[in-house]
Amino acid sequence: MNQQLAGYAPTPVTARMENHGHTMLKVAMATGQDLYARTGSMVAYEGFIQYEPNPPAVRQIASQWITGEGTPLMKCSGDGLLYLADYGADVVVVHLNDEALSVNGTNLLAFDAHLTWGVERVKGLAKFAGQGLWNVCVRGTGWVAITSRGTPIVVDCGRGEDETYVDPDALVAWSPNLKVKGKRSFKASSLIGRGSGEAYQMAFSGQGIVVVQPSEDSTDRLRIRN
Amino acid sequence: MAREFQRGHKAKISDLTAGRDLYVGVRIAAPGLTFDISCFGLDAHEQLSDDRYFVFFNQPKSPEESIQLLGAQAGDTESFRVTLDRVPESVHKLSFTATIDGAGQMSQIGPGYIRVVAGGEEVVRYAFDGPEFTTERAVMLGDFYLKDVWRFAAVGQGFDGGLDALLRNFGGEVAEDEPADPPQGAVPAFAPPAQASPPPAFAAPPAPQAPEPPPAFGAPEPPVPAPQPQPQSIHAAPTIAAPMALVAPTGAPPAPQAPMAPQAPYAPGPPPPPAPPPPFGHVPGQGAPPAPPPFGQQPPVPFGQQPPGPPPGAPGVPQGVPQAGAGLLAALQPYKETATGQRWTSQSSQLMRADLTMGDMPVLARQGSMVMYQGKVDFGYKGAGFAGRIVGNATGQEMQLMRCTGRGQVFFAEDGSHLHPVELQGDGICVSAENVLAFDESLQYEVRRIEGHGIPGGALFTMQFHGTGTVVVKTHGTPVVLPVTPTTFADCNAVVAWSSAAQVIISSQVRLRRNAYPGHSGETVNLQFRGAPGNFIVVQPYEV
């Protein structure tokens with residue numbers, strides 16, 4: 001029996017965050033190196049790790065994000081190995097090197113607690129996109145793990161002279177220095193039931209990247225509801 | 001009978017087959033990556049003492065033709081012919097390797113295998129899959145080696161460097177130019193000997209599909225044009241530490257600094273440090289003796305090679321930097337957009353890019369399937385046409401399309417389903433309407449319904465395409481392509497597409513059968529397919 005399952009044993013730790021397969025994240029935890037992770041994303045852990053849902057720091061920073069008592073983030077601290085996953089979504093591990101990344105709140109899985117982060121609302125669009133776009137902007141030097149429904153794609157905006165338009169439901173992350181604006185491809189024909197099904201897009205311009213997932217299902221399965 | 005090998009298994013060739021003229025097939029694939037599959041003929045010291053025995057795309061055979069590269073065939077990404085009796089005495093080992101050309105890592109690969117076929121029959125197969133690997137960029141798949149007699153071993157060992165690191169490991173020099181031999185054109189003179197030798201001695205395995213599958217489903221992956229120059233990665237350094245290099249992790253600079261120094265609490269059982277079954281995923285630096293890595297696989301990534309310079313402000317954390325290098329761009333490198341200069345490009349198995357500037361014609365797509373676009377593209381309404389609306393009105397199942405016009409690149413995806421571009425060149429295909437994602441407007445199409453009581457909704461809607469252009473078909477999960485035989489059945493909920501070669505008229509040849517087994521609800525409706533040889537059906541592992 002071990003023979004067949006042998007291939008799935010964890011590999012030795014080489015970095016703070018690593019992929020185990022495509023859809024699981026392995027984090028090497030150590031005292032003093034806390035981690036913020038999406039609430040409920042823990043699937044397994046080894047060692048002594050404590051979870052603090054609703055930590056005060058998060059409540060303060062994310063006070064706008066959440067309207068009620070719960071927060072979508074929990075603070076993990078302790079020693080050991082922590083395994084995180086989000087309903088089988090692909091996990092992408094990013095090591096920020098004094099850089100910044102703006103991640104859709106739904107697609108954020110975990111990040112180092114020592115990073116500077118803040119919650120911002122994407123201007124002008126929240127009322128169009130179904131769930132309202134809340135974004136977490138993470139900055140500094142450290143590790144971030146994001147999730148994507150399906151293998152994501154990274155597009156360099158600085159390449160073409162044209163703007164890049166993205167379906168808000170498929171958007172995962174982008175460079176915060178990009179200029180964002182909403183675009184409504186709205187025509188009279190849409191009003192009589194002849195729309196193209198693509199009513200709103202977000203337009204990005206400038207130097208930077210945009211990460212997009214091949215799925216338009218961005219329902220926040222773990223959103224804390226009141 | 002084929003034997004399944006696990007990593008590390010070995011066997012005498014003579015125990016596997018009496019044949020000495022062997023076909024070695026390698027299948028390895030990953031979205032957006034290309035692989036160089038090569039064979040190293042090594043001497044008794046496992047060195048490549050004669051680089052004429054490095055058989056690869058630029059040198060497709062060894063001098064006396066005992067090892068020949070055959071190219072892709074019969075479902076294999078690459079294949080070789082090895083005539084063991086003609087291998088010179090100086091060669092003691094033939095090592096088959098795969099390396100990634102360009103950026104990427106082995107963890108991205110899909111299920112693959114190396115197999116040995118003798119006399120048209122597969123005798124041994126070693127299957128591997130992406131999760132077995134991590135950041136390796138090259139992998140030694142299997143060996144033929146001479147120990148009294150020729151034997152085969154399933155190796156499956158990865159290397160972090162690319163082809164050049166592999167070459168250096170085998171003692172070859174990495175010249176900037178490829179080794180001396182001029183590239184030889186097509187597969188050299190293989191057919192005659194094959195015919196001459198006793199027929200069963202060497203025959204490529206039968207193609208899994210029927211002979212003439214017009215648009216081999218999923219096959220028309222647009223070829224990546226020019227092999228990108230291998231980026232001079234940081235891994236070009238001599239990274240090939242043997243797996244056991246982990247023995248002394250203490251000296252490795254950025255090794256995790258014993259993340260759990262008082263490692264007592266983790267040893268659950270009484271035997272404290274000496275040799276617990278590495279309790280903690282054998283975190284290096286833990287001080288535990290290097291018990292053999294749990295199941296003997298996964299050569300641990302040697303620590304010494306990590307580019308130094310993790311963040312300064314993080315003392316004492318296992319802050320190794322990813323193999324790809326530090327920083328945002330490096331981490332996201334594997335997911336970069338790939339542009340091939342073709343109209344339709346698979347970005348990954350789930351995302352398709354259509355370049356509207358090529359071909360200069362609009363694309364019709366399912367409404368809402370656009371995830372991103374660049375350039376000036378207009379999205380307009382496109383009805384299902386008059387006939388389609390009649391059909392649609394009858395059942396409320398009109399297909400909602402949009403027309404994408406303009407100049408730019410549009411990216412299509414839906415719900416993370418797998419996408420397959422099917423290029424039609426004058427032939428036809430029927431696709432279940434739910435499984436059409438997008439297609440060129442140059443294609444002619446008509447909506448058909450297959451009626452039969454028992455089909456949910458009363459009828460199965462299909463779109464029949466013919467002409468010249470590309471249809472993008474989506475499936476939930478990896479589909480299976482079956483040749484049509486007199487006894488081919490498919491669940492009407494799971495069938496995705498089938499060929500409509502001219503001599504086949506699907507609507508009259510689909511027979512609905514009701515299978516009512518005792519105890520079965522009797523609701524199952526199967527479609528039977530009939531057609532001339534060469535037709536095929538595509539079925540997804542998902543019943544809508």
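This section describes the confidence, the sheets and selected residues of a predicted model.

Residues are numbered from 1 along each chain as its sequence is written, while chains are lettered from A and ligands numbered from 1 in the order in which they are written. Because the model is predicted, local features need a pLDDT of at least 70 and side-chain atom pairs count only at pLDDT 80 or more, whereas totals for chains, interfaces and linings use all residues.

The model has an ipTM of 0.82 and a pTM of 0.56. The average pLDDT (the predictor's confidence in each residue, from 0 to 100) is 68 for chain B, and 60% of its residues score at least 70. The pLDDT is below 50 over residues 176-316 of chain B, a stretch that has 235 contacts in the model beyond near neighbours in sequence; two residues are in contact if their C-beta atoms, placed from the backbone, lie within 7 Å. Residues 502-523 of chain B also have a pLDDT below 50, with 29 contacts beyond near neighbours in sequence. Where pLDDT is low, the predicted coordinates should not be read in detail.

Chain B contains six helices and 27 strands, assigned as DSSP runs numbered from the N terminus (helices: H or I, at least four residues; strands: E, at least two). Of the 544 residues in chain B, 44% are buried. A residue is termed buried if 20 or more other C-beta atoms, placed from the backbone, lie within 10 Å of its own, exposed if 12 or fewer do, and partly exposed in between. Among contacts in chain B between residues at least 6 apart in sequence, 74% join residues at least 24 apart.

One open sheet of chain B is formed by six strands in the order 1-10-9-3-7-6, with mixed pairing; two strands pair if DSSP finds at least two bridges between them. Its edges are strand 1 (3-5) and strand 6 (67-69) of chain B, each of which pairs on one side only. Neighbouring strands of this sheet are turned by 20 degrees against each other on average, direction ignored, the axes being lines fitted to C-alpha atoms, for helices over the stretch in contact, with angles running from 0 to 180 degrees between N-to-C directions. Three bridges join strand 6 to strand 7 (residues 78-83) of chain B in the antiparallel sense, and Ile67(B) has Val82(B) of strand 7 as its bridge partner.

A further open sheet of six strands in chain B has the order 2-12-11-8-4-5 and antiparallel pairing. Strand 2 (10-12) and strand 5 (54-55) of chain B each have a single partner strand, so one side of each lacks a neighbour in the sheet. Phe40(B) stands opposite Phe54(B) in strand 5, and its bridge partner in strand 8 is Ser95(B). Seven of the nine residues of strand 4 are buried.

Asp98(A), in strand 6 (residues 90-104) of chain A, has a phi near 55 degrees and is exposed, because 12 other C-beta atoms lie within 10 Å. Asp360(B) has a positive phi of about 55 degrees and occupies the loop between strand 14 (351-355) and strand 15 (363-366) of chain B. Asp360(B) counts as exposed because it has 8 C-beta neighbours inside 10 Å.
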